[in-house]
Amino acid sequence: MLLGEKGYVVAKMMELIVKICEAYGCGKLVKVNHVHVSGVSYSNIGEHGLEFIADTHRGGAKASVFTTTNPTCVDLSGKSKLIDSTFTGRQMVINRMFEEMGFQPTYSCIPYFFRKPSLDEHLSWGESSAVIYANSIYGARTNREGGPLTLASSLTGFTYYYGMHLDENRVVETIIELGEDVEPGLYGALGYWVGENINNVPMLRNVALDYPSIKILLAAAAATGNHALVVIENLTPQGTYRVLDRVEKIRIDSKEIEHLTVRESPEGYVLGYVGCPHLDPLEFNLIIERIKGRRLKPNCRLLVSVPYLFLSTHGREIEFLRRRGVEVVVGTCPIVSRLTEKPDFLLTNSGKAFFYMKNIHGVEAGIASIDFIVNSLFEKR
Ligand code: F3S
């Protein structure tokens, strides 16, 4: 590939991987079975990012392995009034190029929903929330890659053998014991705390084995810290990590995270947000059950983000929610796009959304459980 047998673009992409490999001194590449491409949102990558993709596309190179794509910056149903549609044209140029290169039009941050990684499988994934989920829940092996490297991996089928691909970097140095009073509904705040305070691989004890809450926890830890692996005791597959002989042990109770959470319904225009990371069908149906028969209060809105695929698989449910005034957006989220109006307060169960909406979008925000959000926004049954 380096010599150009598969064309100029593939040669350049292989050169990129080899250079990174050399920089790390790892000396070896590894084949990957699934690539998840990040850097999809035009709002994030801008014209320079689009040009980079266009150069790759012009060379005629195609995905050599199963490749999924991260969310875009526009609501792909075209119906949202809350997500800005200014960049629709530029975003569609990116989507078309990706699809012509053979990438799956998933436009979602939960690639593991489309193809479950297997144990010890090597992957090249962008999107930190997906990376940490693949390593911690499936025992797969991927680093947190940036958009260009994921493109390179898709076109070549390889990545550099370093970081999370190696046993020696999957070593627990801190054990965090959760107090009984840390509610699973607030795991977004717990993950936020872990990312901010722990800078090695931690193992969490006493975690409630509730997948939606753990997904939220991991995404938050990856957003506020540089985590690619957080071991969940009794869940992370044995043999995909080891525990250091002398670990540091700490305990977290609810008081450590209460400054991140909201206990009383906020005043003014309140926007609730769930779906960061994107909801899977089970989580989506649970939201529907919670709000059935209830009406939004004045000055309150709820935004829900789901994979693009839902447009064809869950059309009826989306319509049901929209008739009740809920904004369901597909193939995007408010973090990688822009809101058309700024709420007085954003209530979310997601520690990742909380982090980015506050720090990047300048929106006042707080973390709360889904039940709390629904009860704050909707009239009683
Ligand atoms: Fe996904 Fe957007 Fe959150 S890409 S993880 S919903 S920031």
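This is a predicted model: local features need pLDDT of at least 70, side-chain atom pairs count only at pLDDT 80 or more; totals for chains, interfaces and linings use all residues.
Tutor: Residues are numbered from 1 along each chain as its sequence is written, and side-chain values use heavy atoms, with hydrogens and water left out.

Student: Which residues does the cis peptide bond join, and what is omega?
Tutor: P277 belongs to the loop between β11 (270-274) and α9 (281-291); helices (H or I, at least four residues) and strands (E, at least two) are DSSP runs, numbered from the N terminus. The cis bond joins C276 and P277, with omega at about -5°.

Student: Where is N234 found, and what is its phi?
Tutor: The loop between β9 (231-232) and β10 (242-252) holds N234. N234 is exposed at 67% relative accessible area, where exposed means over 50%, buried under 20% and partly exposed in between (1.4 Å probe, protein chains only). Although N234 is not a glycine, its phi is positive, at about 70°.

Student: What is the phi of N299?
Tutor: N299 lies in the loop between α9 and β12 (300-306). N299 is not a glycine, yet its phi is positive, about 70°.

Student: How many salt bridges does the structure hold?
Tutor: Side chains of opposite charge can pair when their charged atoms come close. The criterion is a side-chain nitrogen of Lys or Arg within 4 Å of a carboxyl oxygen of Asp or Glu. By this criterion, the number of salt bridges in the structure is 19.

Student: How far apart are the closest N and O atoms of E47 and R90?
Tutor: E47 is partly exposed, with 33% relative accessible area, and R90 is partly exposed, with 31%. These residues form a salt bridge in which the closest N and O atoms are separated by 2.5 Å.

Student: Why does the salt bridge of R263 and E183 tie together parts apart in sequence, and by how many residues?
Tutor: The side chains of R263 and E183 meet at 3.8 Å, N to O. R263 lies in the loop between β10 and β11, and E183 in the loop between β7 (171-178) and α7 (187-197), so the parts tied together are apart in sequence by 80 residues.

Student: Is E327 buried or exposed?
Tutor: The side chains of E327 and R301 meet in a salt bridge of 3.6 Å, N to O. E327 lies in strand β13 (residues 327-330) and R301 in strand β12, so the pair ties together parts 26 residues apart in sequence. R301 is partly exposed, at 23%. At 9% relative accessibility, E327 counts as buried.

Student: Where does the ligand sit?
Tutor: Residues around the ligand (a heavy atom within 4 Å) include C109, E127, Y273 and K352. C276 and P277, joined by the cis bond, are also among them. By class, the shell has seven nonpolar (Ala, Val, Leu, Ile, Met, Phe, Trp, Tyr, Cys, Pro), two charged (Asp, Glu, Lys, Arg) and two polar residues (the others, Gly among them). The ligand sits in the largest pocket.

Note on methods:
On a 1 Å grid over the protein atoms alone, a cavity is a set of points where a 1.4 Å probe fits but cannot get out, and a pocket is an open set with protein on both sides within 12 Å along at least five of seven lines; lining residues have an atom within 4 Å of a point. A molecule sits in a cavity or pocket if more than half of its atoms lie within 2 Å of its grid points.
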